[in-house]
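Me: I have a structure open and would like to learn how to read it. Can you take me through a few features, one at a time?

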Amino acid sequence: MASKVIHALYIDDDILMDAVKKVRAEHYHIEEVYTPFPVHGLDKAMGLPHTRLAITAFMYGCVGLTVAITMMNYIMIEDWPQDIGGKPSFSYLENMPAFVPIMFELTVFFAAHLMVITFYMRSKLWPFKKAENPDVRTTDDHFLMEVNASNHDVEQLTNFLGDTGAVEIKIIDKEEDNH
Amino acid sequence: MYTLSNRLRLFSVILMIVGLVGLVIGFSQRPGSIEEVKEMMASHDAHGGGHGDSQIKENHGGDEGHGESANEKDAHGGDAHYEHVLHQLQNKPWASLYVAAFFFFMIALGVLAFYAIQFASQSGWSPVLFRVMEAITAYLVPGGIILFVILALSGFHINHLFVWADPEVVAHDALLQGKASWLNGTWFIIRAAFFLGGWILYRHFAVKYSRLQDEDTTGNKWYKKSFKISAAFLVFFIYTESMMSWDWIMSFDPHWFSTLFGWYVFASLFVSGITTIALVTIYLKSKGYLEFVNNSHIHDLAKFMFGISIFWTYLWFSQFMLIWYSNIPEEVTYFITRIEDYKLPFFGMLIMNFIFPLLVLMNSDFKRVNWFVVMAGIIILCGHYIDVFNMIMPATVGKSWFIGISEISAVLLFLGLFLFVVFRALTKAPLLAKGNPYLEESKHFHY
C-alpha cells in the first residue's frame, strides 16, 4: 500500500507539544513522533491509548510474590524446617519478618524483568533489529512528526506545519506501511 | 483572597469546646486512690467476662517492660499491681493530650520541612501550593507553645509521663542515672526551646520573604534569601528533628533506643504533612478557590503520599526486623509490649499506613481522582495518629489503654485549633504567591 506522509522536524520539545496539539485540533492524523528523549505528556497530546504495561507489571509482581512465598515455605518450613533467629516456631507466618526482604526482592525482580521483556515483545524489538528511525537526527537533537498526507492537500498541510514551528518539512512516499 | 466562612469558624470553635469539655471530664474521671481503681475494675468485671478475664490475667502477668525483678514484685504484695494501674490511669488523660498535641504539631512541622525542600530544590511544580503550605505551618506557633507547656509539665514531673523525670525512679535505676546528664528537666526544656525556636524562626522569615517577594517586581531578591535560609534550615532541621524524636518520644522508654528512630518519626511527620497539604488543597478547590491548581498538582501530592508511605514502612520494618531477628531482651521488649498489649493498633497501623495507601494509590489515574485522594488521606492521617499513639501509650499507660473520652476529646480539641489557625492564616495573604519566579512553570505544570 503506497502512502504519502510528511516528516516535520522540530528542534524543541515545547514547540513540538504545541504543534502536536494544533495538528490534532485540525484533525490531521499523526502516524508517529520520533524524539531523542521521552517527552512528558506527549502520549496524552497524541491521544494514544493508555499503556497497559502497568497492569502487567502488577500481575508479574503478584506472581513474584507468590513464587517467593511458595518457595520459602517449601524450603524453610516444610522440606527442612529451620530454627530462624532462635525462634523455633516452624510457622511461615510467625517467621515472616525474616522472609519479607526476599518477598519484596522477588516481587520487584519478576515485575521488572517480565515488564521489560513484555515491553520489547510488544514494541517488536529484538537484537539486530533494523532501526525504523526515519532520520538519524532524532537520536540527537531533533524531533520528527510523521503526519499522514494521503487524503489531504499536501501544500496546505505543509504550510500549516510550517506555521506550527517546524524547521524542516519533507514529503515522503512510502512503499508500504511498516507499522 | 480567601475568607474564612462562618460555618468553618463555628465548626472549629465547637470542636475546641467539645474537646475541652471532654478533656475536663477525662481528667476528672481519673481514679484518685487504689480503692477507686479496684472499684472500677470490679465494675468492669461485672460488665463482661472477656474483658474481666484479661484484667485478672494482668494481675499475675509479669511486667517485663519496666524491668522489675520477680522478687521485687512478690515483696510488693497484692496492692502493687493496683497501684501500677492507678498510675497508668492517672497518666491516661495526660498521655492522650500529649499524643494529640504532638500529632497536630508534627503535621505543621512536616509541612514546614516540605516547604523548605521546595525552596532548596528550586521546584517548579509547587509554587501554586505555597500559600497553603504557609498557612498550615502557621499552626507551628500555637501548637509549639502548647506542646512546650506540656513538655515542661512532664519534664519537671508535674505529671508522670516521663519515667526519667521521677527522682525516685532514677534513684533506683542505674541506666537512668547514666543518662541523667541528658535526660533531666532543665536541659530537656532548654533543648525543646531551642528546637521550637529555630523552627519558628525559619517559618517567620520564610513567610515574610514570600510575602515581600509578591510586592517585589524588579528581581528575585527575596526569593534568593528564601533559598538560602531554606537550605540552612534543612540542615538544622534534620539534626534537631532527630534529637526531638529522642527527647519527646523515645525517652518515654528510656531504657530502649533505636538508631533510626529520628528517621522513622521524620517519615511519619512528613507523610502526614503532605497528606494535609493535599486535603486542604482539595477542600479549597471544592470551594472554588485555587483555580490555578490543576489535577497534575494533586497527582504529584498523591505520589508523595504514596511514596512516603512506603518509605515509612521501609523504616518501620528496618527497625522492627533487626530487633525481632536478634531478639536481644533489652531491645525486643519494646516490640513485645506492643505486640502483646497493643496488637490491634500495632498491626492495624500497618494496614492503614502501608497496605491501604499501597493498593489505593498505586494506580496512576486514581491519584487524580479527588475523592480517592481524600479517602486515602484520611486513612493515612488516622494511621499516623495511631502510630504516635503506639509510640507513646505503651510506656505511659501500659495495658490500661483504650480509645476513650480523653483520647477522642484531645483529638477534637487540637483538630479544632488546627483548623481555626490554618484557615485563619489562609485569609492573611493572597492564595497565589505571585512573586515566585517559578510561578508560570507551576501554573502550566502538567504531567
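Me: Let me start where the chains meet. How many residues of chain B are in contact with chain A?

Reply: This is a predicted model, so read everything here as computed. In it, 9 residues of chain B are in contact with 9 residues of chain A. On the chain B side, the residues that touch chain A divide into 6 nonpolar, 3 polar and no charged.

Me: Next, helix packing. What describes two packed helices?

Reply: Two things: the angle between the axes and the distance between them. Take helix H5 (residues 79-120) and helix H11 (residues 221-248), both of chain B. Their axes come within 8 Å and cross at roughly 150 degrees.

Me: How are H5(B) and H11(B) oriented to each other, parallel or antiparallel?

Reply: Angles over 145 degrees count as roughly antiparallel. H5(B) and H11(B) are therefore roughly antiparallel to each other. Their crossing is left-handed.

Me: Which residues make the contact between H5(B) and H11(B)?

Reply: From H5(B), they are Phe102(B), Ala113(B), Ala116(B), Ile117(B), Phe119(B) and Ala120(B). The H11(B) residues include Phe227(B), Leu234(B), Phe237(B) and Trp248(B). By class, the contact has 12 nonpolar, 2 polar and no charged residues.

Me: Now chain A. At what angle do H3(A) and H4(A) cross?

Reply: Helix H3 (residues 53-79) and helix H4 (residues 96-122) of chain A cross at roughly 140 degrees. Their axes come within 7 Å. H3(A) passes H4(A) in a right-handed crossing.

Me: What residue classes make up the contact of H3(A) with H4(A)?

Reply: Begin with the residues themselves. H3(A) brings, among others, Leu53(A), Tyr60(A), Gly61(A), Gly64(A) and Met72(A). H4(A) brings residues including Phe99(A), Met103(A), Phe110(A), Leu114(A) and Phe119(A). The contact divides into 19 nonpolar, 5 polar and no charged residues.

Me: Which residues of chain A does UniProt list as "transmembrane region"?

Reply: The UniProt entry, which is unreviewed, lists residues 53-76 and 96-120 of chain A under that name. Check each span against the model. Residues 53-76 of chain A are 100% helix and 0% strand, with end C-alpha atoms 34 Å apart. Residues 96-120 of chain A are also 100% helix and 0% strand. There the end C-alpha atoms are 35 Å apart.

Me: On to single residues. Is Tyr239(B) buried or exposed?

Reply: Count the neighbours. Tyr239(B) has 12 C-beta neighbours inside 10 Å, so Tyr239(B) counts as exposed. Tyr239(B) sits in helix H11 of chain B. Gly262(B) is 23 residues away in sequence, and 8.8 Å away in space, C-alpha to C-alpha.

Me: What about backbone angles? Which value does phi of His27(A) take?

Reply: Look for positive phi in residues other than glycine. Phi of His27(A) is near 65 degrees, and His27(A) is such a residue. His27(A) lies in the loop between helix H1 (13-25) and strand E2 (30-34) of chain A. With 7 C-beta neighbours inside 10 Å, His27(A) counts as exposed.

Me: And where is Gln122(B) found?

Reply: Gln122(B) is in the loop between H5 and helix H6 (130-137) of chain B. Gln122(B) has a positive phi of about 50 degrees, although it is not a glycine. Gln122(B) is exposed, with 11 other C-beta atoms within 10 Å.

Key. Residues are numbered from 1 along each chain as its sequence is written. Chains are lettered from A and ligands numbered from 1 in the order in which they are written. This is a predicted model: local features need pLDDT of at least 70, side-chain atom pairs count only at pLDDT 80 or more; totals for chains, interfaces and linings use all residues. Axes are lines fitted to C-alpha atoms, for helices over the stretch in contact, and angles run from 0 to 180 degrees between N-to-C directions. Helices (H or I, at least four residues) and strands (E, at least two) are DSSP runs, numbered from the N terminus. Angles under 35 degrees count as roughly parallel, over 145 as roughly antiparallel, 65 to 115 as roughly perpendicular and the rest as oblique. A crossing is left-handed if the near helix is turned anticlockwise from the far one by less than a right angle, and right-handed if clockwise. Two residues are in contact if their C-beta atoms, placed from the backbone, lie within 7 Å. Ala, Val, Leu, Ile, Met, Phe, Trp, Tyr, Cys and Pro count as nonpolar, Asp, Glu, Lys and Arg as charged, and the others, Gly among them, as polar. UniProt positions are given in the numbering used here, feature names are shortened, and annotations may be inferred rather than shown by experiment. A residue is buried if 20 or more other C-beta atoms lie within 10 Å of its own, exposed if 12 or fewer, and partly exposed in between; C-beta atoms are placed from the backbone.
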